[in-house]
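We will go stop by stop, with a note on what to look for at each one.

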Amino acid sequence: MKLLSVQDVNVFYGSIHAIKDVSLDVEKGEIVTLIGANGAGKSTTMGAISGLLPKKSGKILFKDIDITAKPAEDITPLGIALSPEGRGIFPGLTVEDNLRLGAYLKKDKEYIKRQYERVYTMFPRLKERYKQVSGTLSGGEQQMLAVGRAIMSEPELLMLDEPSMGLAPNLVDFIFEIIVDINKQGTSILLVEQNANMALKIADRGYVLTTGSIVMEGSGKELLENPEIRKAYLGE
Amino acid sequence: MNSTFLLYIVDGVVLGLIYALVACGYSLIFSILRIVNFAHGSIYAFGALMTLFFINQGINPWLSVLITLILTGMLEMLMDKVCIEPLRKRNSPGVSTLIATEGYSYVVMNMLIILFGSGRNHFETFYDLGFTINIGSLPISSTKLVLLAISGGLMLLMTYIINKTHVGLAIRAVQQNTTSARLMGIKVNRIVLGTFFLAGATAAVSGALVAGYYQICYPTMGMVMGNKTLATALLGGLGAMHGGLLGGIIIGVLECIVAGTLGATYRDAVSFVVLIVILIFMPSGLFGKKDITKV
């Protein structure tokens, strides 16, 4: 079943045509990755899906519901969570308050408690620091917080925008392991990455974005073995 | 320390808490939208005059305050809807919003002049419980105690709402990062409206209390109060409520000392001297964040 279907979406920043007729799908249970160079339109695509950016044309369906014109705050309750570029944590609030906000729309105290436990099991570091003001966390810890916050509401689709950015190599491995783990727990994932190598290794399918257009798509393995991709994105 | 001086301090603290309560309104709105609401003073005057209006209709004074509190909160919400939200949607520069609030201020003030006349109205103290307690040789009237209790209590309530409730968490989230707040499913415009309501409600209560304390109210009463409490908020650090409390007490006490020693002519000047000094030497105030640019 198609969980997310993006059809011919166009986004403009003023007169700049940021993404052109972008179409992509995420099936239930998949990890799909969107790779491309800086400025190719990856984050714009994420912003368009999550409802942060207005679409000039095209259509976006989530669970067959048309979410094209819906603002972010109305899309979140449907079961999409975005961990945005630059992490977007609430720096003046504690780790626990940040996590609580991740499930802001849920009122059930027992549920919230279970979710805290789930996140803390994945990221023991966050449990150690739950009372700490999150702006004082290290970059890696802030990334853990951003991912943890995004899964607090158990979304059906988790969108991660550059989760490995600025992290030490061992932390990158850790974050990718977590992504696979979250996926195994039943969450479909749309992953935007500059680290194409890592992303394609864990992805079921991938799309390649170049200057606002999707120029290639295929299984993670196919793209990983494609000589053009290897040359352009994997530094060979 | 002689007893006159102690009296200045007691009076200053009472006054300071009221200033702090009005300053709360500036801080609340600033912390969310990064704008200074120049209509705050007029809205405070609206609170005083409307309370008087309801009292004159024979309604119980406390009930009058309550009705006015709701009306004033709605008047602030209306300001957001008609002149701030449209600018926000268009990403207008902060200065446009500033001027819009200034404009709204005059609309409210002139509406009050049309409704109540520009003259001064007598406002009977409605919270004089008729006793005075003596601490040592220091007499403290019941009006001062009530004033202290209500303004202090309201500030505690606001602190509780912001730091301990679910809505408060959303308010803090919007203060920190509006985009992320939206991604959490928070309806930002509703939070902003709620914040305006809180700012209006506290302004209304302070307006009624101050009018009752000095037994006078008039449409332009918010001009000086608005500027003075802006100085209070700036001294404490805009956006920092506990800072506003300290700022209020400092300005209140200084004002009473100056009024008592140099004469009442200079009392209003104090807060502005303080304002100039802070703007020069401590632009972010006592508790303000060093960097107030919004990302």
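Start where the two chains meet: select 17 residues from chain B and 24 residues from chain A, which make up the contact (heavy atoms within 4.5 Å). Before going further, note that this is a predicted model, in which local features need pLDDT of at least 70 and side-chain atom pairs count only at pLDDT 80 or more, while totals for chains, interfaces and linings use all residues. Residues are numbered from 1 along each chain as its sequence is written, chains are lettered from A and ligands numbered from 1 in the order in which they are written, and side-chain values use heavy atoms, with hydrogens and water left out.

**Stop 1: the interface**

The size of an interface is often given as the accessible area lost when the parts come together. Here about 1800 Å² is buried between chain B and chain A, and carbon and sulfur atoms give 63% of that area (lost accessible area, 1.4 Å probe, summed over both parts). On the chain B side, pick Arg182(B), Leu183(B) and Met184(B): these lose the most area to chain A, together 37% of what that side buries.

Next, show Arg172(B) and Asp97(A). They form a salt bridge (a side-chain nitrogen of Lys or Arg within 4 Å of a carboxyl oxygen of Asp or Glu), with the closest N and O atoms 3.3 Å apart. The count of salt bridges between chain B and chain A is three.

Which helix gives the most to the side of chain B that touches chain A? Colour H6(B), which supplies seven residues.

**Stop 2: the nonpolar cores**

Now select Leu4(A), Leu24(A), Leu101(A), Leu157(A), Leu190(A) and Ile186(B). These have the most contacts inside the largest nonpolar core, which has 122 residues. Such a core is a set of buried Ala, Val, Leu, Ile, Met, Phe, Trp, Tyr and Cys residues joined through side-chain atoms within 4.5 Å; buried means under 20% relative accessible area, exposed over 50% and partly exposed in between (1.4 Å probe, protein chains only). Helix H1 of chain B, residues 3-33, gives the most to this core, with 17 residues; helices (H or I, at least four residues) and strands (E, at least two) are DSSP runs numbered from the N terminus.

Centre on Leu24(A). Leaving aside neighbours within four places in sequence, the contacts of Leu24(A) include Leu4(A), Leu34(A), Leu190(A), Tyr207(A) and Ile214(A). Another core, of 45 residues, lies apart from the largest one, and Leu99(A) and Tyr120(A) are among its members.

**Stop 3: two positive phi angles**

Most residues other than glycine have a negative phi. Go to Asp8(A), in strand E1 (residues 2-13) of chain A, where phi is positive at about 50°. Then move to Arg87(A), in the loop between strand E6 (80-83) and helix H3 (95-102) of chain A, with a positive phi near 75°. Is Arg87(A) buried or exposed? Arg87(A) counts as buried, at 16% relative accessibility, while Asp8(A) is partly exposed at 43%.

**Stop 4: a helix in chain B**

Finish at Asp268(B), in helix H11 (residues 267-281) of chain B. Show Lys228(B) too: a polar contact of 2.8 Å joins the two side chains.

Technical notes: Buried area = accessible area lost by both parts, 1.4 Å probe. Polar contact = N/O pair within 3.5 Å; in protein donor to acceptor, adjacent residues only side chain to side chain.
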